[in-house]
Amino acid sequence: MSDALAISPSRSNAVRRRAAILGVLALVALALVIFGPMFLSRFSINVLTRSMIYAILAITVDLLWGFTGILTFGQAAFFGVGAYATAMLLTHIGSSPTLISLALVLAILVPVVLGTIVGWLSFYYGSTPIYATVISLVFPIVVTQLIYSGGTLTGSSSGMVGYSGLPFGLEGFFRLSGISLVVVTLGALIFVRSDSGRILTAIRDNETRCAYLGLNTQRIKIMLTAVLAGVAGLAGFLYANASGVVAPENTSFVFGTELVVWTALGGRGTILGPVLGAVGIDYLSASLSGELPFLWQLVVGTLFVVMIIFLPNGLAALVSRLTRRGRGEVVAGAGPELVSEAPRHHVKMVDGPLLSIDKLEKSYGSQKVLADITLDVAPGELVSLVGPNGAGKTTMMRCLTDGKESSGGVIRIAGKNIAGMVPNQIVALGVGRKFQVASVFESLTVAECLRMARASLEAPSFVAASDTLSLPPAAIEILQLTGLDQLLSTEVSLLSHGQKQSLELAMVVALEPRMILLDEPTAGLTKAERTTIGTILKKLTNELGFAAILVEHDLDFVRDISSRIVVLHQGRLVLDGSVDEVVNSDIVKTIYSGGDHV
Amino acid sequence: MFDTAKTETKLELDGVTSGYGPIAIIKDLSLSIRKGEIFALMGKNGMGKTTLLKTILGLVSARSGEIQLDGRSIVGASPKALIKSGVGYAPQEQPLFTDLSIQDNLRLAIRSDRDLGAALEHVFTHFPFLRDRLAQQAGTLSGGEQKMLILSRALMLKPDLILIDEISEGLQPTVIAQIAKALQAEQAENGTTILLVEQNLNFALDVADRWAVLKLGEIDDSGIADADSRERVLEHLKI
Amino acid sequence: MTLLLDIVTTAAILFIVSAGLLAIFGVLEIVNFAHGAWLTVGAYCAVVTGGLGLSPWLALPLAFVAGAVLGGVTERLIVRPLYSRPQDAILATWGLGIIIGQLITLGFGRDVQFTENLLSGTIHILGTDYSLYRLFALAAAVAIGLGFALLLEGTRLGLSARAVIMNQSLARALGLDTTRIRFVTFMIGTGLTALAGVLLTPLTSVDPTMGVAWLIGSFMLVMVAGSSFGALAVACLVFGGAQVLVSTFISPILGGITVAVLSALVLRISSKGFARV
């Protein structure tokens with residue numbers, strides 16, 4: 001059944017080489033943190049222990065902000081909660097190996113629970129990015145104030161000191177923090193390169209597209225927030241043990257902003273950059289604060305502003321731009337192996353029409369944009385939706401993919417009423433939507449985009465970057481017809497407009513929908529590209545039994561490929577018939593010559 | 001009618017390509033509008049009509065080609081500069097500040113409140129109903145009244161060239177007739193050049209001297225507005 | 001009775017402190033995270049006039065001018081390149097806040113500064129003795145609110161600013177100089193914020209980080225109010241009132257987080273906040 005279409009022996013070698021480099025780097029880093037204390041001064045050991053714990057936090061900020069695009073100031077609070085959980089337990093209940101283990105568990109578990117709550121508050125259908133930032137500010141403020149008002153329980157403004165934690169010395173904590181940092185860094189590096197790690201970047205690039213590929217982006221972001229809260233809590237546990245003191249400042253949003261500054265200076269979206277940024281800046285701050293206390297902060301602040309304006313991706317991005325290969329140029333031939341996979345038929349077949357619209361209505365205030373639209377679409381039909389400007393075509397498409405849009409009437413897809421459903425639920429009913437402006441993921445490769453379309457069907461790996469790409473035959477055919485199969489490892493931002501349109505269509509088909517909605521799929525394409533898209537659409541409907549609904553202005557294109565034409569005028573359905581019936585109708589002539597209301 | 005006056009070129013487009021991001025909406029388009037004429041540019045949705053107007057006005061920057069107003073290049077000029085040199089614009093999408101009063105909508109078209117009185121008198125000659133309703137919120141006007149307000153605002157500075165985007169959309173024939181009258185009066189009295197973007201071919205061919213049909217960002221057909229035009233244009237416009 | 005006065009004057013102070021941030025957010029759609037730094041700059045203008053032996057009232061115009069000039073430079077160099085990247089604008093202005101804070105520390109030291117009171121003493125009102133200055137703050141808030149209303153409703157600049165808020169692309173298509181409008185708005189916003197900093201001096205201690213404490217509260221209120229001064233006034237009254245009640249009857253520390261928590265909840269329920277009031 002599996003049928004190799006493009007063979008790339010170099011690919012797996014490259015993967016292996018990268019794994020080897022990563023392994024060697026990890027070993028070197030481990031050696032450094034294990035033998036480092038022999039060569040470092042007491043002061044440096046002390047400061048670097050702290051810096052390395054902070055670097056773990058910077059990684060969590062990078063995963064949230066750099067990779068997923070969620071600007072957060074709240075990681076300090078999870079860190080503080082972890083540290084306080086540890087200190088409070090060890091102070092008030094006592095210190096024993098069991099209790100220390102319990103402290104470790106609590107230091108991770110409590111932030112995870114809080115992270116879930118914060119995530120649930122921050123991410124819901126229709127939430128804005130700025131709202132998540134707002135919550136990330138409110139949360140640390142609440143935590144800090146609660147600590148202040150906690151009396152002897154939390155030590156109030158003076159913090160907690162004098163509890164006994166892990167029985168390690170100065171050097172022991174250095175090694176423990178160092179090993180933890182290496183492990184977290186390695187884990188993060190493996191994760192972001194894995195198939196599921198790429199979802200984070202996909203969400204950052206184009207969250208709407210993710211939702212229309214059937215991914216529940218809200219849940220992914222909540223889970224990410226919860227897990228990274230746990231990691232921050234772990235860092236808090238380390239900190240509480242290593243420093244022997246916790247203070248309200250550890251939880252404050254100001255510390256949270258410092259984490260963002262380090263991440264930005266090191267280079268967002270690079271993992272290693274923020275690690276170096278955090279360790280470097282925190283260490284230098286401690287070393288220089290004696291001699292040039294305020295000047296140093298001034299320099300950091302200035303660098304930060306300059307960096308945000310002129311080099312938003314940080315120093316590491318500059319370095320990688322100078323050295324990187326592969327990405328950033330069109331790569332012909334390379335990339336994962338395409339594997340043709342039998343259709344999964346994951347969408348249940350039903351009797352009756354695939355789409356059934358009954359008296360659909362949409363109004364904005366008193367203005368009715370759609371009224372009394374009734375329409376059935378069966379498998380294998382290619383229905384074109386036409387009508388002059390403002391007829392309500394795009395509004396109708398929106399109503400079909402978002403159950404919260406319509407103001408009246410019933411829309412059933414495969415027999416299911418979609419009222420109240422959000423896009424990813426409707427996609428799961430077997431609907432694929434292609435947008436007017438190609439909606440793809442600009443900073444992913446062609447192959448990664450296609451893999452995103454499969455992510456809702458088969459859970460991607462958290463560790464591995466797969467070197468095969470399984471797609472249904474129809475999607476592979478689109479890639480071959482348009483030459484995209486030769487550009488699998490090319491970054492999407494380098495594709496032409498027409499190639500992006502084709503890629504989006506292939507992504508939608510890879511979802512294996514039963515019905516495809518297309519909003520002006522040929523806008524801005526050359527004649528040859530139009531013909532190709534037309535051929536593909538005809539094949540999808542005629543031979544493979546997809547239903548398609550098309551909004552399109554290019555008359556020749558509509559005439560050529562439609563099996564049926566539906567005319568909308570001023571929000572009403574005025575005509576529904578075969579191509580010939582509609583083209584020769586008098587009503588249509590009246591509408592298009594600017595005649596009276598129909 | 002004005003054949004002698006209409007030999008001079010008011011607006012000249014030569015090989016203009018423009019669009020959004022990577023997408024070219026207008027492709028290598030050339031067009032010449034003569035001084036004092038009403039020119040109707042027709043075409044269906046998505047064929048680039050609005051983008052063409054925005055390109056002329058500098059709201060969308062031309063990627064290549066030359067645009068000249070009165071023989072001077074205006075490529076790269078700001079909307080502010082163009083409006084100053086006598087261009088009026090009646091947009092189609094979100095064309096009014098619906099929460100502002102009629103008067104404030106009109107005020108925003110002029111640079112200084114000192115000119116307000118005279119400019120208002122000028123538009124009242126075409127649309128007298130505005131006079132008594134200056135304080136009314138623009139969003140509460142009927143569809144036809146809103147269109148007349150949009151056109152009035154474009155006339156405030158007595159421009160030499162007006163770019164009008166689908167002013168007839170969704171209007172009753174009586175309102176369309178009123179607008180047609182205003183346009184023809186501006187042309188006759190002030191020698192104003194008007195570039196009309198339209199889908200309503202009855203209206204467009206009634207008022208225009210010449211026409212062209214835009215298809216996929218290129219001129220597909222063009223001619224003088226006469227008795228035979230209607231059938232010819234309908235073939236391009238209908239589905 | 002005192003409680004009622006506390007509520008109203010607390011709301012007034014919140015309004016004074018957030019008005020400049022709102023003006024900028026409304027027109028530029030940029031959150032000025034250096035807002036706290038401008039409050040600090042204003043307060044140090046009061047320190048300077050005090051140091052020179054001048055009347056403390058002179059600090060008000062001085063702060064407005066200093067804030068506006070500094071704002072002009074900031075808009076040109078930092079904010080303008082970041083219009084299309086609002087998230088980065090938050091960060092860059094936060095960075096600017098660090099810079100300003102450090103410059104002030106270099107110039108004045110990190111210690112708390114004392115300033116001469118603008119007004120001192122109490123006045124007998126509504127059957128109780130109440131701080132004269134807090135009542136003055138109420139008057140100042142009303143004056144600022146009316147000033148903005150006049151500016152927005154009565155002047156061409158105000159009309160242009162409203163046009164930009166409502167529909168930026170149409171404003172541009174009508175030939176309005178949107179760049180200049182943003183520039184001037186930013187200067188007015190920062191000037192006003194510095195002025196608010198002077199007004200804060202009798203109520204809070206003056207040190208290089210004093211502004212940060214006010215930043216979050218203002219930010220929350222502005223998020224809830226959107227671009228409307230009316231909505232801001234309502235938000236200040238409701239949340240300021242809640243803050244006073246919580247502080248009085250439950251705990252002052254919890255009172256400190258009332259505004260932030262309530263704002264977050266209101267925004268969770270309706271992303272438009274009070275903007276429709």
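Chain A and chain C bury about 3,200 Å² between them, and 80% of that is on carbon and sulfur atoms. Buried area here is the accessible area, with a 1.4 Å probe, that two parts lose on being put together, summed over both. On the chain A side, A:F294, A:L298 and A:I309 lose the most area to chain C. Together they make up 19% of what that side buries.

Some ground rules before I go on. This is a predicted model, where local features need pLDDT of at least 70, side-chain atom pairs count only at pLDDT 80 or more, and totals for chains, interfaces and linings use all residues. Residues are numbered from 1 along each chain as its sequence is written, chains are lettered from A and ligands numbered from 1 in the order in which they are written, and side-chain values use heavy atoms, with hydrogens and water left out.

Back to A and C. The contact takes 35 residues of chain A and 35 residues of chain C. Contact means heavy atoms within 4.5 Å. How many salt bridges are counted between chain A and chain C? One. That term needs a side-chain nitrogen of Lys or Arg within 4 Å of a carboxyl oxygen of Asp or Glu. C:D88 and A:R268 form a salt bridge, 3.0 Å from N to O.

Which elements of chain A give two or more residues to the side that touches chain C? They are α4 (97-122), α5 (129-148), α10 (253-266) and α12 (293-310). Elements are DSSP runs, numbered from the N terminus: helices are H or I with at least four residues, strands are E with at least two. The largest share comes from α5(A), with eleven residues. By class, that side of chain A has 27 nonpolar residues, seven polar and one charged. For the classes, Ala, Val, Leu, Ile, Met, Phe, Trp, Tyr, Cys and Pro are nonpolar, Asp, Glu, Lys and Arg are charged, and the others, Gly among them, are polar.

Next, chain C against chain B. Here 16 residues of chain C are in contact with 22 residues of chain B. The buried area is about 1,700 Å², with 62% from carbon and sulfur atoms. C:R156, C:L159 and C:L174 lose the most area on the chain C side, together 37% of what that side buries. The interface has three salt bridges and seven residue pairs in polar contact, both at pLDDT 80 or more. Helices α6 and α7 (168-173) of chain C each give two or more residues to the side that touches chain B. The most comes from α6(C), with six residues. That side splits into eight nonpolar, four polar and four charged residues.

Let's zoom in on one pair. C:R156 and B:D113 meet in a salt bridge at 2.5 Å, N to O. The pair crosses between chains: C:R156 is in helix α6 (residues 156-166) of chain C, and B:D113 is in the loop between α3 (102-107) and α4 (116-126) of chain B. Shared partners join B:D104, B:R107, B:D113, C:E153, C:R156 and C:R162 into one salt-bridge network. Within chain B, B:R107 and B:D113 also form a salt bridge, at 3.1 Å. Is B:R107 buried or exposed? It counts as buried, because its relative accessibility is 10%, and buried means under 20%, exposed over 50%, partly exposed in between, with a 1.4 Å probe and protein chains only. B:D113, at 33%, is partly exposed. Over all chains, the structure holds 37 salt bridges.

Now chain A on its own. Chain A is divided into domain 1 (22-252), domain 2 (353-430 + 516-521 + 544-598) and domain 3 (436-512). Those bounds come from an automatic or database domain assignment. The C-alpha centres of domains 1 and 2 lie 50 Å apart. Seven residues from domain 1 and seven from domain 2 make the contact. The two domains bury about 610 Å² between them, 65% of it on carbon and sulfur atoms. The rule finds zero salt bridges there, and two residue pairs in polar contact.

Last stop, a residue in a loop. A:S439 lies between β9 (431-434) and α16 (446-454) of chain A. A:S439 is buried, at 8% relative accessible area. Leaving aside neighbours within four places in sequence, A:S439 is in contact with A:N206, A:R209 and A:E504.

Conventions. A polar contact is a pair of N or O atoms within 3.5 Å; within protein, one must be able to donate a hydrogen and the other to accept it, and residues adjacent in sequence count only if both atoms are side-chain atoms.
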